[in-house]
Amino acid sequence: MTNPQLVEQTREGSVLVLTINNPPVNAFSPGVPEGLKAGLDAAAVDDTIEAVILIGGGRTFVAGADIKTFNLPRDQAPDLRGTVEKLDAFPKPTVAALHGTALGGGLELALACTYRVAVGGARLGLPEVKLGVLPGAGGTQRLPRVVGVAKALSMMLSGSLIGAAEAKDIGLVDELIAGDLLSGAVEFARTHATIRPLPRVSERTLTDSSPDVTPEAFQAAREAIKRTHRGQLSPSLIIDLAELAATRPFQEGWQAEAVKFMEARESPQSRGLRHIFFAERESARVPGLAKDTTTTTIRRVGVIGAGTMGGGIAMNFLNVGIPVTIVETGQEALDRGLGLIRRNYESSAKKGRISAEDVDTRLGLLTPSLDLADLKDADLIIEAVFESMAVKKDIFTRLDAVAGPDAILATNTSTLDVNEIAAVTSRPQQVIGLHFFSPANVMKLVEIVRADRTSDSVLATSMAVAKQIGKVGVVVGVCDGFVGNRMVHRYGEEARQLVEEGAAPGDVDAAMNALGLPMGPFQMTDMAGLDIGHAIRVHRAQQRGEPEPDGWLDRVVKTGRKGQKTGGGIYDYDENRRPRPNADVQALIDAYRAEKGVTPRELTQDEITRRLTATLVNEGARILDEGIAARAGDIDVIYIYGYGFPAYRGGPMHYASEQGLQGVVDDLKRYGGKAPAPLLERLAAEGKTFADWEKEPRS
């Protein structure tokens, strides 16, 4: 039924204005289509109305469909296709007046209008591919008819937005409005009110002579997505539909689009991507942390350590205009770190990502120092030195004496006990873990490690800072490795066991590549450095009072092969860092098996994938049971943004729920008789998922 508060009807002389008021982003929710249709019906029978304008109230046009309605049956979901059909058939000119964003269904509404005008700051796009679906209300058919197939595919396959100026250049926007949007749209509508026939987008055709509508062009697009969208369904469907737009009548493509949209929407990939969309939003809500918690404004940052990690962390703040003082113990190390930061910025400038002026501006905000006392004015100080508890305790002891009384003291440790580090200070409530992932200036994830005495204000400030520098911050508790590295430690153990039993390292990596991970466990280990993993294993063995580890991978390290940084680790690497098997490493593995009395057997790709994913999920379930992570979705977000788990799988915990948790339990018992985590075993026995667990009451 019509909700007059969602779509307001007003008159500007002979022009009817339909204003969508559905804050905060004017999503195409129930009530909006009814209001638009009612306005169009009123205009159709009123001879004094010459044209209709669609405009968004508040800060934006229509930022897309309401994702919460995606799971509804089509007859219960907001009728976007019906609204678009009504606009397309409307006998009078319609003008979409765009500001803010016109995304997804919002842009499809605009494309169904006769004309589109926009203010200069408007942004337009069809980002449905990011949710594993495709434009389902004519976008795949209208956009190619307006901007050409090549540009339409670029927009739909990337899901990226374009500005109003570019939209005008490619014909997507008919006129840019310099002043008041509504006044300009009304003037445009009056000027075009009598033009007939109406230039409907659905009636346009694409010429067969265009180079981007040949069969070869579409085949090239299909080959390209094998690299850019490996294993994903919706990109291939988008290309199929764009080809229909280029070669077949509009109605044929329109009907096919409805079928393919439902195919994509009902796929596990779309469910996975939608899960992550909401999980990322939910990860910003910290249980027990009040929304009105006081936060500190971060005006200056200190970074201790100018190595690869420290330099990358510093760049995040320089990128958003926050001055950074970076401290090292020696001039040579400091100069090396500054040089790396400069090279990173200059490389970005050469690629056109930033300007030469940006390079100078950002470097101008960086102050190098050899004296910890120079951090006395920093609001946030992040330690990023060698992963040694003794070293970190020494730094925090000295830092406690020089830092301002309200400064937040953060450690970038990836495994160590933040409580133990905090205990050497007189202000444990000001200490927190900020675990950036390498390379820190690129990777989006930050594990925000809440220690036992970390204050709510420090926690809330850290969340706000992560958002300010463009990161996804996920709050975790203190344990060895927190969430990500604790799980990857078990994952690595299982990977090494698979090789010991008979798999080649390349087989293990290939299995995870086939699942959609850009790097398998050994590719990842070679990139991080074999010596780092070995040092962690030695440290853990010492803590447990056990002998130094002597697995096959430890023996590889002792030969001097440390990974990509030495040109060879588990694999050899050429100048382009492409891996290839090394005969000496394989001989070492063979000798190790013989020494241990292992008769190698053939392992299928399916077994490798099942064992590795089951290991991740089992440890994830223990982490949930211990309260180290608040939600299974938080673990999924960590694994997608920190470790490259394919987003369309929804993260390891969601993927396991999709496959069935009983299957995970069975795999753990079948392969090596591993004990399932109590939580995992209970949920499997009850036929539940991790999403069900999240709905259970907590004591």
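**Close-up views of a predicted model**

**View 1. Helix α3 passes helix α4 in a left-handed crossing.** In such a crossing the near helix is turned anticlockwise from the far one by less than a right angle. The contact of α3 with α4 has, by class, four nonpolar, one polar and two charged residues; Ala, Val, Leu, Ile, Met, Phe, Trp, Tyr, Cys and Pro count as nonpolar, Asp, Glu, Lys and Arg as charged, and the others, Gly among them, as polar. From α3, Glu108, Leu111 and Ala112 meet Gly139, Arg142, Leu143 and Val146 of α4, where contact means heavy atoms within 4.5 Å. Helices are DSSP runs (H or I, at least four residues), numbered from the N terminus. This is a predicted model, in which local features need pLDDT of at least 70, side-chain atom pairs count only at pLDDT 80 or more, and totals for chains, interfaces and linings use all residues. Residues are numbered from 1 along each chain as its sequence is written, and side-chain values use heavy atoms, with hydrogens and water left out.

**View 2. Leu181 is a buried residue in helix α7 (residues 181–191).** Its relative accessible area is 8%; buried means under 20% (1.4 Å probe, protein chains only). Neighbours within four places in sequence aside, Leu181 is in contact with Ile55, Ala97, Leu98, His99, Val117, Ala118 and Val119. Gly120 is 61 residues from Leu181 along the chain, and their C-alpha atoms are separated by 9.9 Å.

**View 3. Phe690 and its contacts.** Not counting residues up to four places away in sequence, Phe690 touches Val617, Ala621, Leu624, Ala632, Met653, Ser657, Leu661, Leu680 and Leu683.

How values were computed:
Helices (H or I, at least four residues) and strands (E, at least two) are DSSP runs, numbered from the N terminus. Buried means under 20% relative accessible area, exposed over 50%, partly exposed in between (1.4 Å probe, protein chains only).
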